[in-house]
Amino acid sequence: MVAVLLVLLKSNKLMSDNPCIFEDTCERCLRADISCAWCTDKLYEMRYRCLNHSQLLEFGCHPDHIYENEPKLHILEDSDVHDYVSANSQAVQVQPQRVYLKLVKCL
């Protein structure tokens, strides 16, 4: 009885003020709100695949299978700027030199 009540309370909490919960495709999910994320995990057993990141983790979606609409920037190489010095070096004129950039659609 207590377990059933906890499930009902969590379900009510999910549905209140959640722009993600009623979206049924990944595309619609990511368009619904910037906070929405989609679970692609085939072993995920929760009814709702479109929730926010923390809710998907809480309900058992593997982190590697969460697709979210969040921009990312990772600096891969960031050497100091310097002129050509010797025969075995190159001038560095831009900083950073290499980045990983994930862009998202404007909602």
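**The disulfides**

Cys39 and Cys61 form a disulfide in which the sulfur atoms lie 2.1 Å apart. The model is a predicted one, and the values that follow are computed from it. In general terms, a disulfide is a covalent bond that connects the sulfur atoms of two cysteines. The link of Cys39 and Cys61 is right-handed, with 95° about the S-S bond. Cys39 belongs to strand S1, while Cys61 sits in the loop between helix H3 (53–58) and strand S3 (66–68), so this pair ties together parts that are 22 residues apart in sequence. How accessible are these two cysteines? Buried means under 20% relative accessible area. Cys39 has a relative accessibility of 0% and therefore counts as buried. Cys61 has a relative accessible area of 3%, so Cys61 is buried too.

How many disulfides does a search of the whole structure find? The search finds three. Another of them joins Cys20 to Cys36, with an S to S distance of 2.1 Å. The torsion about the S-S bond of Cys20 and Cys36 is about -95°, and the disulfide is therefore left-handed. Because Cys20 is in the loop between helix H1 (2–15) and helix H2 (26–32), and Cys36 is in strand S1 (residues 36–39), the pair ties together parts that are 16 residues apart in sequence. Both Cys20 and Cys36 are buried.

There is also a disulfide between Cys29 and Cys50, whose sulfur atoms are 2.1 Å apart. About the S-S bond of Cys29 and Cys50 the torsion is about 90°, so this disulfide is right-handed. Cys29 lies in helix H2 and Cys50 in strand S2 (residues 50–52); the pair therefore ties together parts that are 21 residues apart in sequence. Cys29 is buried, as is Cys50.

The pattern of the links can now be stated. When the bonded cysteines of the protein are numbered in sequence order, the pairing is 1-3, 2-5, 4-6. Cys26, by contrast, takes part in no disulfide. The nearest cysteine sulfur to that of Cys26 belongs to Cys29, and it is 6.3 Å away. A disulfide requires the two sulfur atoms to be within 2.5 Å, and the 6.3 Å between Cys26 and Cys29 is the distance to compare with that limit. The relative accessibility of Cys26 is 26%, so Cys26 counts as partly exposed.

How values were computed
Residues are numbered from 1 along each chain as its sequence is written. This is a predicted model: local features need pLDDT of at least 70, side-chain atom pairs count only at pLDDT 80 or more; totals for chains, interfaces and linings use all residues. Side-chain values use heavy atoms; hydrogens and water are left out. Helices (H or I, at least four residues) and strands (E, at least two) are DSSP runs, numbered from the N terminus. Buried means under 20% relative accessible area, exposed over 50%, partly exposed in between (1.4 Å probe, protein chains only).
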